[in-house]
Amino acid sequence: MEQFEPLVSIAPWEFIFTICNLLILTAAIKHFFFNRVNKVLEERRQQVETTYAEADEAKTAAVQMKQEYEAHMASAKEEAASLVKDATQRAQDRSDEILGAARAEASAMKAKAESDIEAERRRAAGELKHEISGIALTIAGKVVEKELDADTHKALIDDFIDNLGDAS
Amino acid sequence: MEVNITGAQIYFEIPILGGIPITETIVNSWIVMLVIIGLCLFLTSDLKVRGVSKRQVVAEMLVTTAQNFVNTNMGEKFAHYGPFVAALFASSLLSNLLSLIGMFPPTSDLSTTLAWAVLVFVLITATKIRTSGVLGYMKGFTQPIFVLTPFNILSELATPISMAFRHFGNIVSGGVISALVYAALAALSSLVLGLLPGVLGDVLSQIPIFQVGIPAVLSVYFDLFSGFMQAFIFCMLTTLYIGNAAEE
C-alpha cells in the first residue's frame with residue numbers, strides 16, 4: 001500500500017531538509033559557479049585594463065617618437081641645405097681660384113713668349129746686319145778692285161745699315 | 001472512475017528520531033540539487049580568460065544576469081546575496097519544471113515553499129535588525145501610531161505565508177488541473193471509443209488516446225510559463241523585501 005501525504009500539509013522533516021538543501025545549494029553555487037566565473041571575469045577585466053594601459057603608453061611613445069623624428073628630419077634638412085650651400089660656395093671659390101691662376105699663368109707664358117720672340121728677332125736682326133755688312137764689304141771690294149781698309153769701311157757700312165734699319 | 005489528488009508519496013521512514021519520512025518531495029529536491037550542481041560543474045569546466053567556449057559564455061551570462069538582478073533590486077551592498085538568489089531561483093525553476101517530465105515537483109509541497117519563505121523571512125528580519133538595531137526593529141511595529149501594532153505584526157507574518165502559499169498554490173493548482181484534465185480525457189476517450197462496435201471498441205476504449213497531445217497545450221502554461229513566473233516572482237519578492245528591509 002503506497003502512502004501519500006495530504007495535498008496541503010506541512011511535514012517538519014521536509015521543512016528542515018529543504019532549508020538545509022537550499023543553504024547547501026547556495027554554498028555549492030557560490031563555490032562552484034559564482035566564484036569560478038567571477039574569477040575569470042575579474043582576470044579578464046584586469047587584462048583588458050592592462051592592455052588599455054599598454055596601448056595608451058604605446059600611443060604616447062609613438063607620438064613622442066613621431067615628434068622627435070619630425071624634429072630630426074627638420075634639422076637634418078636644414079643641415080643638408082647648409083652643407084650643400086657651403087659646398088657650392090667652396091666649389092665656386094675653388095673654381096674662381098683655379099681660373100685666376102690659369103689666367104695668370106697663361107698671361108705670364110704669353111709675356112715670356114713675346115719677350116723670347118723679341119729677343120730672337122733682335123738676335124736674328126743683329127746676325128743679319130753683321131752678315132749683310134760682310135757681304136757688302138766683299139761686294140764693294142770686288143767693285144773697286146782694291147783692298148779696302150776693312151776696319152774703316154766696316155764701321156762705315158755698319159753705320160749705313162743702322163741708318164737703313166732705322167729708316168725702315 | 002476515481003481521481004485521487006494527494007501530496008507527495010512517502011517512500012519509507014528512517015526509524016530514528018521518531019521516524020524521518022523519505023518522501024517524493026525530498027528525493028526529487030535532491031535530484032534537482034544534483035542536476036544544478038552538475039550543471040554548475042559542467043558549465044564552469046575549462047574556464048578561460050580568452051577564447052571562451054559557448055559553455056563559458058552561457059556560464060558568464062548566467063552569473064552576470066543573476067548578479068545584475070540582485071544589484072538592481074537590492075543595491076550593490078547586497079551583492080553577496082547573488083549565489084543565494086541564484087540557488088533559490090534555480091531550485092524553484094527546476095522543481096517546477098519536473099512536472100514537465102511527469103515527476104512530482106517539490107514546489108507543489110507546501111513544506112518546501114514554506115521552508116524557503118521562512119528562510120527569506122529570517123533574512124528580512126535579520127537585515128532589519130542589523131539596519132536599525134533590536135530596539136529600532138521593535139519600535140518599527142508601533143509606527144505610525146501605537147494602535148496599529150497588531151496589524152503591523154500581522155502584515156509582517158503575512159509576508160512569508162503569502163509568499164509560500166502563492167508559489168505552492170500556483171504549482172499545485174497546475175498539477176491538480178492537469179490530473180483532472182488527464183482523468184477527464186481518459187474518461188472521454190473511453191466513452192467515445194467504446195461506441196465502436198465489437199472487440200475493436202472494447203480494446204480501444206481501454207487506451208486513453210485523447211490524452212495524447214491535448215494536455216500539452218495546458219502544460220505550456222502550467223508547467224513552463226507558470227513555473228518560470230513563480231520562480232521569478234519568488235526571487236523578485238525575496239530581493240525586494242530584503243532590499244527594503246535595509247532602507248528603513
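## The model

This is a predicted model, in which local features need pLDDT of at least 70, side-chain atom pairs count only at pLDDT 80 or more, and totals for chains, interfaces and linings use all residues. Residues are numbered from 1 along each chain as its sequence is written, while chains are lettered from A and ligands numbered from 1 in the order in which they are written.

## Where the chains meet

Chain A gives 34 residues to the contact and chain B gives 39. Two residues are in contact if their C-beta atoms, placed from the backbone, lie within 7 Å. On the chain A side, β1 (3–4) and α1 (12–144) each give two or more residues. The largest share, 24 residues, comes from α1(A). Helices (H or I, at least four residues) and strands (E, at least two) are DSSP runs, numbered from the N terminus.

## Strands across the contact

β1(A) pairs with β1 (residues 9–14) of chain B. The sense is antiparallel, over two bridges. Strands pair if DSSP finds at least two bridges between them. Here A:Gln3 stands opposite B:Ile10.

## Helix α1 of chain B

α1(B) covers residues 24–44, 21 residues in total. From first C-alpha to last, α1(B) reaches 30 Å, close to the 30 Å expected at 1.5 Å a residue. That expected span is 1.5 Å times one less than the number of residues. Just after α1(B), B:Asp46 takes a positive phi of about 60°.

The buried residues of α1(B) include B:Ile26, B:Val32 and B:Leu43. Buried means that 20 or more other C-beta atoms, placed from the backbone, lie within 10 Å of the residue's own. The buried residues of α1(B) pack against α1 of chain A, and also against elements of chain B, among them β2 (20–23) and α2 (54–74).

How values were computed. Buried ≥ 20, exposed ≤ 12 C-beta atoms within 10 Å, placed from the backbone.
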